[in-house]
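Colleague: Could we go through the charged pairs and the chain contact in this model together, one question at a time?

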Amino acid sequence: MKPNFNEMSSLELKAYVLSHRDDDEAIRVLFSRRHPPDSEATWYGPMHTPEGLPIEENIRIAEEAIRQRAGIGREKQIEKDLQREGELEAKLSHKIELEQVNYRKNGMTTLTSEEIAQYRSALADSPESLDALDLIEENEGDLEIAANLLAQEAGVVIVRSKPSILDDLAQKLRDVICDEVFINDLMGGVLTAGVGYLTASGQIPTALATALVIYLTKIGVRKFCQSDDGKPKTP
Amino acid sequence: MGLAFSTYATIEESTIYPTAEQGLACLRVCQILSNYYRNIELFRFNAQIGEVYIFAGDELQVIVSRNGSWRFLNETEL
């Protein structure tokens, strides 16, 4: 059953015409809705004689008329595109935020007071490590927040598109981390050695290395090395 | 109704043919539209009325009549 074209809005009708291109009646109805009617409209003169000779004046007028409308149209189009881009960006930012929140929520990167106390005794010999633990405690045990702050202090580049700076750092230092010596240190609970090992790589300071070591201990360093692209390196 | 794929219309209704001036006007109009970065979205010669209809870009709609003169569908949108 064909729709009643006279009842459709011009917008609907245009959409119909575009998807039913051989429907003569639909397009006739659409183009019958002309404002103003033919008798009052601006008609632009023919641009060629029947033999094909150009009529320069009419060509010039036609170009000007279309330029005006296309010019305005183009600005609106650019505006529309910019707006769409902005909306997409906002959507993405929101998604990233949610991911970050989610990531922190599942507890992998939060320390309880008990855990903090345990880490304090394990890292008692290192003042910088204890400072890092203070910072973690100040931020309600949130490893990610503390790591972000420490990274900023140290001038370590933070990539905003990644939800976890600890994961990002770990990936960057994968070669150093996925080394049997380091893995054994961590699994054996010899955390100061682990921190020292990371610091010796020269890429991050002690406090940040502390946060990273704690993170790897929590998520499991061997598990980390076996995921994605990394395989544990043998010395 | 008509033959599905023919340019000219139906058995019942009279058929109007396009003219040379009309064709040449379409050539010019489409070229100018294209030069101003408006893609031709739809182009159709309607044989009942004898007019050519053109959609260009999101918002431009042009009618080309048999004598080669042409107009915008709506002048009020500017």
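Colleague: Which residue forms a salt bridge with A:E64?

Modeller: This is a predicted model, in which local features need pLDDT of at least 70 and side-chain atom pairs count only at pLDDT 80 or more, while totals for chains, interfaces and linings use all residues. Residues are numbered from 1 along each chain as its sequence is written, chains are lettered from A and ligands numbered from 1 in the order in which they are written, and side-chain values use heavy atoms, with hydrogens and water left out. A salt bridge here is a side-chain nitrogen of Lys or Arg within 4 Å of a carboxyl oxygen of Asp or Glu, and the closest N and O atoms of this pair are 2.9 Å apart. The partner of A:E64 is A:R67.

Colleague: By how much of a helix are A:E64 and A:R67 separated?

Modeller: Both residues belong to helix α3 (residues 56–105) of chain A, where a helix is a DSSP run of H or I with at least four residues and a strand is a run of E with at least two, numbered from the N terminus. Because they are three residues apart in that helix, their separation is about one helical turn.

Colleague: Is A:D168, which pairs with A:K172, buried or exposed?

Modeller: A:K172 and A:D168 form a salt bridge at 3.1 Å, and they lie four residues apart in helix α7 (residues 165–172) of chain A. Buried means under 20% relative accessible area, exposed over 50%, and partly exposed in between (1.4 Å probe, protein chains only). With a relative accessible area of 7%, A:D168 is buried.

Colleague: How many residues apart are A:K218 and A:E115?

Modeller: Their side chains meet in a salt bridge at 3.3 Å, N to O. The pair links distant parts of the chain, with A:K218 in helix α11 (residues 206–219) and A:E115 in helix α4 (residues 113–122), so the separation along chain A is 103 residues.
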